[in-house]
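Please keep the sequence and the model in view while reading.

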Amino acid sequence: MLNKSALPVPVLINGLKAMGEVTRIRIVALLAQGELTVKDLTAILGQSQPRISRHLKLLLEAGLIERLPEGAWAYFRLAEGAGAVELLTSLIGHLDLGDPVLAGDRARFEGLKEAQRAEADRYFAASAAEWDRIRSLHAPETSVEAAMASVVGDRPFEMMADLGTGTGRLLELFRPLYGRAVGIDASHSMLAVARANLDRLDPSATGGEAQVRQGDLYALPLASGSYDLVTIHQVLHFLADPARALREAARIVRPGGRILVVDFAPHDLEFLRSEQAHRRLGFSHAQVEQWAADAGLVTEEIRDLAPEQSETGKLTVTLWLFKDPRILMADTPALSSQETFA
């Protein structure tokens, strides 16, 4: 029987050759546990940066790993193409995880991750007072999240993208629904917080896999027409051109897919502009609807979470749910995971 995921012989040989060295086996075993930088790998493996870089180059050329630039940094992870996944799964499955060398690597990996989580916690704690101040101005986060969950519904879907992911909270909130998800943010520091939070998720709990990546919301490093749900939570008010960001979100949503925008209704709290870098003091229903229509989307629902009448000076949070009106044909071939995250 023809194996549709079978690798061409030259590709298979190159992959096996690339794995035929102890350090590269150790690197692949580590990347099976999560994304790492060259600096991380040098710390875990106790080898020089040039040597680690050479091994990574060979693994990259063999198509076994992928490189994800993040400003001055770059993260490496196992390749996600169907053929590469099968080869890697088979090879990793034959490793003796009790081997003292691999066990030592895992222990150092966990120590490194714990240090990174502690560093992320320190960064977040330094900003916590300001975050709490903003949260106090509108409905409780639990109410906002409950409204988002209600609007999205409980039907599972395959792919999610969270734009301006921040702490990665929405990747956690919708984890029971998606198969795979990616969070995009421009801030290296916030991505460190998001990675730390994702590391803490219970791996045994029901839910999809998520990753985060640095990216420009005006030029997303994501394939067109690939995502069932795109979320933009409290992000548009920071942007100079929110309409452009919404058009870019529309580009990556699949036919019939949805975009959930959550932001503030119009308000007059000028200190948010002067002290918190808000470029816009909220948005009207019509304004965001027009941007969505210009991007080829249709409005499915708008919901306001208004403060209590007795709470003066508080903000209304608005949820807009938009849909791509195109119909996904039943015989449209599904994108591979490698194409989806391109």
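## The chain as a whole

The model described here is predicted. Its protein chain contains 13 helices and nine strands. Of the 342 residues in the protein chain, 46% are buried.

The protein chain exposes about 16800 Å², and carbon and sulfur atoms supply 55% of that area. Among contacts in the protein chain with a separation of 6 or more, 69% are between residues 24 or more positions apart.

Helix α1 comprises residues 9–19. Its buried residues are Gly15, Ala18 and Met19. Because these residues cover an arc of only 95° around the axis, they lie on the same side of α1. Val9, Pro10 and Lys17, on the other side of α1, are exposed.

In general, an α-helix has 3.6 residues a turn, so residues three or four places apart point the same way.

## Packing of helices α2 and α4

Two packed helices are described by the angle between their axes and the distance between the axes. Helix α2 (residues 22–31) packs with helix α4 (residues 49–61) at an angle of about 75°, and their axes are 10 Å apart. Angles of 65 to 115 degrees count as roughly perpendicular, so α2 is roughly perpendicular to α4.

From α2, the contact involves Thr23, Arg24, Ile27 and Val28; from α4, it involves Arg51, Arg54, His55, Leu56, Leu58 and Leu59. By class, the contact of α2 with α4 has five nonpolar, three charged and two polar residues.

Note on methods
Residues are numbered from 1 along each chain as its sequence is written. This is a predicted model: local features need pLDDT of at least 70, side-chain atom pairs count only at pLDDT 80 or more; totals for chains, interfaces and linings use all residues. Side-chain values use heavy atoms; hydrogens and water are left out. Axes are lines fitted to C-alpha atoms, for helices over the stretch in contact, and angles run from 0 to 180 degrees between N-to-C directions. Helices (H or I, at least four residues) and strands (E, at least two) are DSSP runs, numbered from the N terminus. Angles under 35 degrees count as roughly parallel, over 145 as roughly antiparallel, 65 to 115 as roughly perpendicular and the rest as oblique. Contact means heavy atoms within 4.5 Å. Ala, Val, Leu, Ile, Met, Phe, Trp, Tyr, Cys and Pro count as nonpolar, Asp, Glu, Lys and Arg as charged, and the others, Gly among them, as polar. Buried means under 20% relative accessible area, exposed over 50%, partly exposed in between (1.4 Å probe, protein chains only). The arc is that of the directions from the helix axis to the C-beta atoms. Accessible areas come from the Shrake-Rupley method with a 1.4 Å probe; for residues, only the protein chains shown count as cover.
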